[in-house]
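The questions below are meant for someone meeting this structure for the first time.

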Amino acid sequence: MNTLAKQIKEIAKQNPQGFTIYLPSLEPVRNGWVIANIKTQNCFGDAGLQKALKFAMTYNRIIGGWFDNGNYYFDASIVEPNKEKALILKELHKQIAIINLETLEIA
Amino acid sequence: MKTITLLNPTKAKELKVISDLLRKHGGLYVYYVKENENFITLKAIQKKNHSENYLTQKQIIERVKETFSKFTDKTIRVGATIYEASPVEVATPVWIKKQMHRRNIALKRMVKDLGVAKADISANINGHKKYGNRSKAMYYYYFNSLDCQVAD
């Protein structure tokens, strides 16, 4: 897990604006609707990464991250290809908005 | 994005979340430029993003208008700038190996020509050490300069 965490930190450093990757391959997610998992909200720094990573590894093996206000934030993400199902997940995870990675459509 | 008109706190928060999503997942930065009684002008710039999904100029304009129209009754005008990859982006480890093979360039010669440690070049070529655009530019223009020398 620590090697994976180090690799994710490196990706975060190289992509401070944001990224969403599959675990453990670290390949970028390129399509589908992204929904942040409510259980990993406000995860930042090393402890936040460990929490989000642990959750993602036991859930659906997708993690996202970005840099904001001096901190690296991480969350376990859900990627759903179907918009209707994605909108249900949006409500379940109490998200204000979700985005389609390929088209950048907001819903 | 700067709050373009007086929004209630809920709407302002939604605007911030949406702007962040566009930036985080699409490298799309949206800026407020100006407004008058009828129009709001926004500037949208798509930068390099990790998922490597890039929109055309038309798609950026449509997406920004569609996304932000719910925050204003005014007509939205968008100036869009698409992402254009630098030519040096092609200088991946596979590309470097191909160039070395095609030109019959040994690692030893690259060390001498570039003045970079053998271990660093080797790690780059074998994919053991990631490198950014500065190194990519070095490799890209190095191999291109060899073409120029042949042409001379």
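**Chains, interface and local features**

The secondary structure of chain A comes to three helices and six strands, in what is a predicted model.

Q: In what pattern do the helices and strands of chain A follow one another along the sequence?
A: Chain A holds three helices and six strands. Taken in sequence order, these elements of chain A give the pattern α-β-β-β-α-β-β-α-β.

Q: What radius of gyration does chain A have, and why does it agree with a compact globule?
A: The C-alpha trace of chain A spans about 35 × 30 × 25 Å along its principal axes. For 107 residues a compact globule would have a radius of gyration near 13 Å, and chain A agrees with this because its own value is 13 Å.

Q: Why is chain B described as more spread out than a compact globule, and what is its radius of gyration?
A: Chain B has six helices and three strands, which follow the pattern α-β-β-α-β-α-α-α-α along the sequence. The globule rule gives 15 Å for 152 residues, and chain B is more spread out than such a globule because its radius of gyration lies well over that figure, at 23 Å.

Q: How many Å separate the centres of the two domains of chain B?
A: Chain B is divided into domain 1, residues 9-81, and domain 2, residues 87-148. The C-alpha trace of the whole of chain B spans about 65 × 35 × 20 Å along its principal axes. Taken over C-alpha atoms, the distance between the centres of domain 1 and domain 2 of chain B is 38 Å.

Q: Which residues of chain A lose the most area to chain B?
A: In the contact between the chains, 25 residues of chain A meet 25 residues of chain B. The area buried between them is about 2100 Å², with carbon and sulfur atoms giving 61% of it. On the side of chain A, 31% of what is buried comes from three residues together, namely A:Q17, A:I96 and A:L104.

Q: Which residues form the salt bridge across the interface of chain A and chain B?
A: Six residue pairs are in polar contact across this interface of chain A and chain B, and the rule finds one salt bridge there. With its closest N and O atoms 3.3 Å apart, that salt bridge joins A:R30 and B:E52.

Q: How do the residues on the side of chain A that touches chain B divide into nonpolar, polar and charged?
A: Across the interface of chain A and chain B there are six residue pairs in polar contact. The elements of chain A that give two or more residues to the side touching chain B are helix 1 (2-14), strand 1 (19-22) and strand 4 (62-68). The residues on that side of chain A divide into 15 nonpolar, six polar and four charged.

Q: Which residues does a cis peptide bond join in chain A?
A: Most peptide bonds are trans. A:P24 lies in the loop between strand 1 and strand 2 (33-36) of chain A. The cis peptide bond, with omega about 5°, joins A:L23 and A:P24.

Note on methods. Residues numbered from 1 in each chain as written. Chains lettered and ligands numbered in written order. Predicted model: local features only at pLDDT ≥ 70, side-chain atom pairs only at ≥ 80, totals over all residues. Heavy atoms only, no water. Contact = heavy atoms within 4.5 Å. Buried area = accessible area lost by both parts, 1.4 Å probe. Salt bridge = Lys/Arg side-chain N within 4 Å of Asp/Glu carboxyl O. Polar contact = N/O pair within 3.5 Å; in protein donor to acceptor, adjacent residues only side chain to side chain. Helix = DSSP H or I, 4+ residues; strand = E, 2+ residues; numbered from the N terminus. Nonpolar A, V, L, I, M, F, W, Y, C, P; charged D, E, K, R; others polar. Domains from an automatic or database assignment. Rg over C-alpha atoms; globule rule 2.2 N^0.38 Å.
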